[in-house]
Amino acid sequence: MPTKLVEVEVAEAPRRGVPAVVLTSTGPALGPGGEGIATADLTGKAGETVRHRSADAWTLGVGTGTSSDYRTAGAALVRALSGDDAPKTADVLLTVDFDAEKVRAFVLGAALGGYRFKVTGEEAPPRVGSLRLVTPDEGFEEVLTSAALKAHALATATSLARDLANTPSNVKDPRWLATTAARLAEKVPGLSAVVRDEKWLAQQGFGGVLAVGGGSARPPRLVELTYDGGAGPHLVFIGKGITFDTGGISVKPADGMHLMRTDMAGGGAVVSALMAVARRGLPIRVTGLVPCAENHISGSAYRPGDVVRHYGGATTEVQNTDAEGRMVLADAMAYAVRNLKPDLVVDVATLTGAMKVSLGLRTGAVFTASPDLARSVVGAGARVGEKWWRMPLLEEHVEAVDSEIADYRQCPPGPGGITAALFLQKFAGDVPWAHLDIAGPARSEKVYEEVVAGATGFGARTLVELAEDFSR
């Protein structure tokens, strides 16, 4: 870890003896030199990949030329080049209308499309080593190279988030996740990490984290990553780090429980984003908090009906032990607001199945009281190939968060994704805040665009882009 990605470079000349890739749209062939390749049977659909052995060339469909099409095309090419008898490198002949946005999309797809995570005793199959993007015009190499480097940085963040989420939970307990994040952070200049154990959490009053982790023999942790790139705004990203979720006493159905190794996908996105921000040297301050716990069943597990005291003193009436994510996030949010003086708090979590019903499996939910912040998140996601949709914080459900025997109810009645966000809002104080629910897009059962089956790494790129926006 982390998984090695395909290397992509931009150059003004192709290599000798290396197959050329000609780009084709849904209209005429776009690539220089494509006249000698038969294209009559090609549709130009994004990702359509045809090998022309006689010409030692490939034709690659780029659809109508949208960013999504170019991500799909880059991913499809790498998958095609991964075949048993395929070359492991190629030169992609760019067209004169190519720009930085298309390069970013193509490189992102190419870097991530060949991602593979498998625990096996067999020898790994050979992978694509590199691609060269050949620009036809002088003077564009520097601009396109900059775009390619950014795309590769974003892909690296996504890949690491996938690695963390895909790691089996017999390996990935709270200690492993926290210490792995700290170990990786130590290798990045400007990034520091502190890991807090269960004794520190008890001393400081992290009741939510301790309650959720109390049923496991493997105790909880809190990892804090800090990057100080200057005197700009201070962003705090908080990611749910539930390394396995049985549902606790409110146990989940057996079907699908094996997928709960990815229930810390939000935490993985935060860890990966912090490392990408630091590597890019953005002039901004960013802190990442990941409360890590296993939600298990045992004699020491927390119960429905318990009243839990969070960091800072607020109390929550537990109604469903499977709503554990909001319990650990509440502690981390209260800690951030009280101690870190943030200008913005963003939490990321695979929080509610309700959002999978509402938005499907490819779109994340954004909850915030600020229209401007919602637009910033949606816009950042659009630029890096992650789709978000703003959901309402409905005023008529605010009172439902109140409890008769505690300050708050953990699972208020009403629309589940919205009431979960309203619960978390109680811990944001007066700080601008956004809650990102990635329960749907954090995992995939099929291949599409640059996504492969398993953990998707969704959210990491948006956080990096959001930090870059605020650093300007």
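Are Phe206 and Tyr311 buried or exposed? Both Phe206 and Tyr311 are buried; that means under 20% relative accessible area, with exposed over 50% and partly exposed in between (1.4 Å probe, protein chains only).

1. The basis. This is a predicted model, where local features need pLDDT of at least 70, side-chain atom pairs count only at pLDDT 80 or more, and totals for chains, interfaces and linings use all residues. Residues are numbered from 1 along each chain as its sequence is written, and side-chain values use heavy atoms, leaving out hydrogens and water.

2. Aromatic pairs. Rings of Phe, Tyr and Trp (its six-membered ring) pair if their centres lie within 6.5 Å; planes under 30 degrees apart are stacked, over 60 edge-to-face, the rest tilted. The count is 10 aromatic pairs. Phe206 and Tyr311 make a tilted one, at 4.9 Å centre to centre and 50° between the planes. These two residues are 105 apart in the chain.

3. A second pair. Tyr311 and Tyr335 have ring centres 5.6 Å apart and planes at 75°, so this pair is edge-to-face. Tyr335 is in helix H8 (residues 325-339); helices (H or I, at least four residues) are DSSP runs, numbered from the N terminus. Tyr335 is buried, like Tyr311.

4. The cluster. Ring pairs join Trp200, Phe206, Tyr311 and Tyr335. The charged end of Arg196 sits over the Trp200 ring, 4.5 Å from its centre. The rule asks for NZ of Lys or CZ of Arg within 6 Å of the ring centre and within 35 degrees of the ring normal.

5. Ala75. This residue lies in helix H1 (residues 67-81). Ala75 counts as buried because its relative accessibility is 0%.
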